[in-house]
Amino acid sequence: MRRDALTRRVAWALTLLVALATTAGCGRKAPSVVSGTGAHTVTASDTPAPSAVASTRGGAYFTDPRLVAQVLQVAEEDAAILGTYDYRDVTATQTEALKVTTGEFRTSYRRNLPLLTASAASNKTIQTVSVVKGAVVKIAAGEKQAVVLMVIKQTIARGANDTSPRTDFVSISQTMGRVGAQWLVSGLDPHGSTGPPPGTTALQGAEQAAERMVLNTLTYTRARFRVEFARTLASATGQLRTILNSHRDEIRQAMVKGNVDLRGELAGAAVESAAGSTVVVLVVVREYKITDVGDRKLASAGSFEVTMERIGNKWLASKLQALAAG
């Protein structure tokens, strides 16, 4: 979904921040920069308790970075296998995809293969999928199941000589089940996931602060704009705070002209990396316009990478990058 003119103005402050963050990669990450999160709805027993070593560090760390890295790497590889196919040899794609699936999901995938084959042949479809960012949402008790949040880049060409293929960015939650020594795909949901990451309480605090920061940046009412924008600035630090402040009047004027309020809603969040006092968080959101009579219209959906710094007793955002937006 493309942004309308008003939403483009409001999001301007976000999209300009690319220079303040690392460039978004399109592909597989090395295990050293892996992610991890969990779902807010899970019980305490679903999230592994921090190890004694992690607890005594007193900072933001994953409980088991080795396991997080392993799950994420396999999930990203499998997502590419499942989403990439070529109408000239769909059978080969199907064979590889079935190898990385399990359970009811595998059964469903196999059942729908004839439809995929027929559609690919009819439209001469060549689809390529790569993972822009990924993070482990949850590793369940017993380490038998995990959920991974990913921002996916999907490119679709119609025929081998298509000079203008279509590219979309979407967020998905992919469930991984451990079968013996393997992690296999056991479910796929075209929505995000949020929750406490598998690590220290400081890691959870950093993720929650990043969620609030992005939502604050996207949520304003005309009646309380001054107070709400001050709240946004209070969640940022350094050059990021300066850039956000420079777009204050532009955002307010766009809202007044459009006669709407703005609301951001969280679709997913995940910790990409953690090193004590610095945490990088992936946040997936939806942006809405709200009219005076309460009508709500989806303006766009996108994802952002936020660098959080521990300053005093607070987690503040120092960098913000728009990764993908519809």
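Helices (H or I, at least four residues) and strands (E, at least two) are DSSP runs, counted here from the N terminus. Contact stands for heavy atoms within 4.5 Å, and axes are lines fitted to C-alpha atoms, for helices over the stretch in contact, with angles from 0 to 180 degrees between N-to-C directions. This is a predicted model, where local features need pLDDT of at least 70, side-chain atom pairs count only at pLDDT 80 or more, and totals for chains, interfaces and linings use all residues. Residues are numbered from 1 along each chain as its sequence is written, and side-chain values use heavy atoms, leaving out hydrogens and water.

Let's start with the sheet. Five strands form an open, antiparallel sheet in the order β1-β2-β3-β4-β5, where two strands pair if DSSP finds at least two bridges between them. At its edges are β1 (85-86) and β5 (182-189), each pairing on one side only. Helix α3 (residues 65-83) packs on this sheet, touching β1, β2, β3, β4 (166-179) and β5, and its direction makes about 160 degrees with that of β2. Helix α5 (residues 103-123) lies across β1, β2, β3 and β5, at about 65 degrees to β5.

Within the sheet, β2 (residues 125-139) and β3 (residues 145-158) are joined in the antiparallel sense over 13 bridges. Here Thr 125 faces Arg 158 of β3.

Now look at the loop between α5 and β2, where Lys 124 sits. Lys 124 is not a glycine, yet has a positive phi of about 50 degrees. Lys 124 is partly exposed, at 47% relative accessible area; that term lies between buried (under 20%) and exposed (over 50%), using a 1.4 Å probe and protein chains only.
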